[in-house]
Amino acid sequence: MTQAPVQHPSVAFAKGHGTGNDFVLLADPEGAAPLDADAVRALADRRFGIGGDGVIRAVRAGSTGDAALDAAAPGTWAMDYWNADGSVSEMCGNGVRVFVRYLLEEGLASLADGEVLEIVTRAGIKRVERRGPLLSADLGPFELGGDRLVAAHGLDVARPGLDVSTGNPHVVVALAGDDELDGLDLHAAPALDPVAADGANVEFAVPGLIADGVGAIRMRVHERGVGETLSCGTGAVAAAMAVRHWSGGAADRWIVDVPGGRLEVEVDERGHAWLTGPAEIVARGAATVAPRH
Ligand SMILES: N[C@@H](CCC[C@H](N)C(=O)O)C(=O)O
């Protein structure tokens, strides 16, 4: 006797990325379909699911089920961001830009060139501005913290790293040149001493030239809750702000080259860090992914 295949409910999704940092996006305006860790891991699985560095639910403030995301005027779009391993993060810089692209392409929001849309995240309200084909996010003020040692495969000895908060935690390590950066093996998470209580995203940055008030950086990242990714927006901001600090404030504009492309970071007159770059939706479909046990 043949068994009928199990039918899983189907959910509309989109797949998007910002410089190769990729996300599964779902719309849940009424807050009727909260995510959980198992569902996120299943959707983000690159072989058994759709695949992504993270999963993002678009939900309206007031119906999110999360106090931080509900802390905005009712109806404000909220970004419910999850890492691929099923953990939540406070913030995602590429994610918030891809999120706005998704809202625009789904007809859930509109934004003329130069206009700003407010999005509530677990790290507060972020403003996203349309700049021609690019989307630019005001990630707000950043905080430089203390030092900790960072050990990683491919580095001869542990190196000093600087804590930077962009709403989510980062540790930035400066490397001497491209050979050191390219020689890193980031399959395993870098070891931090002291250990970061909530974990941290770790950026390895090679500072380049500073000319005409614009600095250049090459960067690779190991993301908390994901692994090595092709890009990390808050990580690019953290790396740029650490290198700016080490340079004595030599520039307020930084070009950050990551394996997935190029991002720009700029500090405005209020000390807010803006992250600018491409954000694209590349696929849409119906997900019937079920958690695997
Ligand atoms: N890729 C994101 C950051 C995503 C969250 C991060 N892994 C964390 O746990 O804090 C970005 O573009 O900022």
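Where does proline 194 lie? In this predicted model, proline 194 sits in the loop between strand S11 (191-193) and strand S12 (201-211).

Two other spots have backbone angles worth a look while you have the structure open. Most residues other than glycine have a negative phi, and most peptide bonds are trans.

| Residue | Phi | Loop |
|---|---|---|
| Aspartate 212 | about 55° | between S12 and strand S13 (214-223) |

Is threonine 19 buried or exposed? Threonine 19 is buried, because 26 other C-beta atoms lie within 10 Å, and 20 or more are needed to count as buried. Aspartate 212 counts as exposed, because it has 6 C-beta neighbours inside 10 Å and the limit for exposed is 12 or fewer.

The largest nonpolar core has 77 residues, and Phe99, Ala236 and Ala239 touch the most other members. Helix H4 (residues 233-246) gives the most to this core, with eight residues. At least three core residues come from each of domain 1 (11-133 + 279-287) and domain 2 (141-270). Leaving aside neighbours within four places in sequence, alanine 236 is in contact with Met219, Val256, Val258, Leu263, Val265 and Leu275.

Helix H1 (residues 37-44) also has buried residues, namely Ala39, Val40, Arg41, Leu43 and Ala44. These pack against four strands: S2 (21-27), S3 (54-60), S4 (77-83) and S18 (280-287).

Note on methods: Residues numbered from 1 in each chain as written. Predicted model: local features only at pLDDT ≥ 70, side-chain atom pairs only at ≥ 80, totals over all residues. Core = buried A, V, L, I, M, F, W, Y, C linked by C-beta atoms within 7 Å. Helix = DSSP H or I, 4+ residues; strand = E, 2+ residues; numbered from the N terminus. Domains from an automatic or database assignment. Contact = placed C-beta atoms within 7 Å.
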